[in-house]
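Me: I would like to learn how to read strands and helices in a model like this one. Could we go through a few features, with the general idea before each case?

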Amino acid sequence: MRQFTLPDLGEGLEEAEIVTWYVNEGDHVVTDQPLVSVETDKAVVEIPAPSSGRIARLFGAKGDIVKVGAPLVEFAEDAGQDTGTIVGELDTGEQRPAPATASPLSGQGAQVFPAVRALARKLDVALDLVEATGPGGTITRADVERAAKRMSHSGPAEPLRGLRRAMAQRMTAAHAEIVPATVTDEADIDDWRQGEDVTIRLARAIAAACKAEPALNAWYHSGTGERRLIERIDLGIAVDTGGGLIVPVLRNVAERSVSDLRAGLDRLRADAIARAIPPEELRGATITLSNFGMIGGRFANLIIVPPQTAIVGAGRISERVVALRGQVAVRRTLPLSLTFDHRVVTGGEAARFLVVLKSDVERIS
């Protein structure tokens with residue numbers, strides 16, 4: 001017997017969740033025939049057979065988490081040699097965020113008497129979620145019963161999987177590493193022509209601002225203390241899906257036409273929602289746009305994903321009372337938020353970036 005293990009999935013990813021098996025034990029497969037689809041923190045990926053042969057055993061069922069290097073399939077002795085299948089490539093320049101670590105919880109390290117521990121097991125209460133109110137940080141029966149009552153009004157505990165699990169890990173890593181600061185402003189867009197494409201206008205304005213202040217279109221690797229300014233602007237576009245957040249990359253936004261950018265964005269958004277986006281379309285963003293105003297909200301303190309140094313947020317467009325040439329007027333305004341990594345971007349650079357961004361957004365096309 002010979003085992004085929006979960007191959008390298010690219011970007012240093014360490015595990016994946018089984019989505020669908022395409023084969024059964026006893027089946028004969030040929031080289032490159034799809035064996036299984038797995039979900040990473042990026043996309044759903046099909047893994048092909050490394051060689052021809054008969055499948056003797058499948059490891060794992062739908063929903064199982066499999067580590068890279070763990071067995072996926074066992075072939076009978078007549079199977080050919082493993083071709084060393086590799087899924088995805090690594091060389092992106094991005095720094096992989098560290099795995100998420102658990103935060104300290106109320107009950108961790110608290111004293112628990114055996115009778116109270118037995119009660120917690122009976123009521124199916126996790127002690128690390130119980131707030132200790134007894135003397136010297138002791139968890140009492142009342143603490144456990146209070147937690148059980150509170151949990152009775154909630155749904156069952158469910159592990160985060162797929163995109164949501166990856167989001168939790170990446171956001172924890174970003175929060176631990178980056179020193180964020182946010183500046184905000186509002187753009188007067190009342191003179192925009194009807195039907196203006198908001199996202200594309202923002203993309204082009206970000207490109208103009210990056211040209212003016214290159215420090216915000218950069219990667220910073222804290223491990224080496226090195227910053228890399230990037231000439232081309234590859235814009236990550238945050239897409240809200242039912243399963244979580246995906247950020248496909250709109251390439252070279254400064255050099256493309258409006259129609260080309262719109263067609264590219266539509267394709268990326270459709271692929272992201274369908275979870276069919278190629279992994280290479282999710283790598284290498286140099287700065288990110290979150291147009292959260294399409295859903296709601298005005299301003300935001302946004303999260304930067306390393307190694308990027310900035311993210312732009314656009315809030316909901318609304319009518320506001322403003323001063324216009326010495327007169328009171330009601331104008332349509334677009335709230336703008338800029339969160340930057342203050343380790344490598346100065347307040348002056350961020351402010352100048354925002355001035356250019358706002359000016360370009362307000363420009364009458």
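Reply: Let us begin with pairing: two strands count as a pair if DSSP finds at least two bridges between them. In this predicted model, β13 supplies L229 as the bridge partner of A218.

Me: How many bridges join β12 to β13, and do the strands run parallel or antiparallel?

Reply: Strand β13 covers residues 226-229, and four bridges join β12 to it, with the two strands running antiparallel. Together β12 and β13 make a hairpin in which four residues lie between the strands, and G225, which belongs to the turn, has a positive phi of about 70 degrees.

Me: Are the residues on the two faces of β12 buried or exposed?

Reply: The term buried refers to a relative accessible area under 20%. In β12, which spans residues 218-221, A218 and Y220 point to one side while W219 and H221 point to the other, and all four are buried, so that both faces of the strand are covered.

Me: Which residues of helix α3 are buried, and where do they lie around the axis?

Reply: In α3 the buried residues are G162, L163, A166, R170, A173 and A174. Because they cover an arc of only 100 degrees around the axis, they are on the same side of α3. These buried residues pack against β2, β4, β15 and β16, whereas the face turned away from them carries H175 and A176, which are exposed.

Me: Which residues of α1 are buried, and which are exposed on its other side?

Reply: Within α1, residues 114-122, the buried ones are V116, L119 and A120. Seen down the axis of α1, these fall within an arc of 100 degrees, and therefore they line one face of the helix. The other side of α1 has P114, R121 and K122 exposed, while the cover over the buried residues includes β9, β10 and α2. After α1 comes D124, with a positive phi near 55 degrees.

Me: How many helices and strands does the protein chain have?

Reply: The protein chain has six helices and 21 strands, and buried residues make up 43% of its 365 residues.

Methods
Residues are numbered from 1 along each chain as its sequence is written. This is a predicted model: local features need pLDDT of at least 70, side-chain atom pairs count only at pLDDT 80 or more; totals for chains, interfaces and linings use all residues. Side-chain values use heavy atoms; hydrogens and water are left out. Buried means under 20% relative accessible area, exposed over 50%, partly exposed in between (1.4 Å probe, protein chains only). The arc is that of the directions from the helix axis to the C-beta atoms. Contact means heavy atoms within 4.5 Å.
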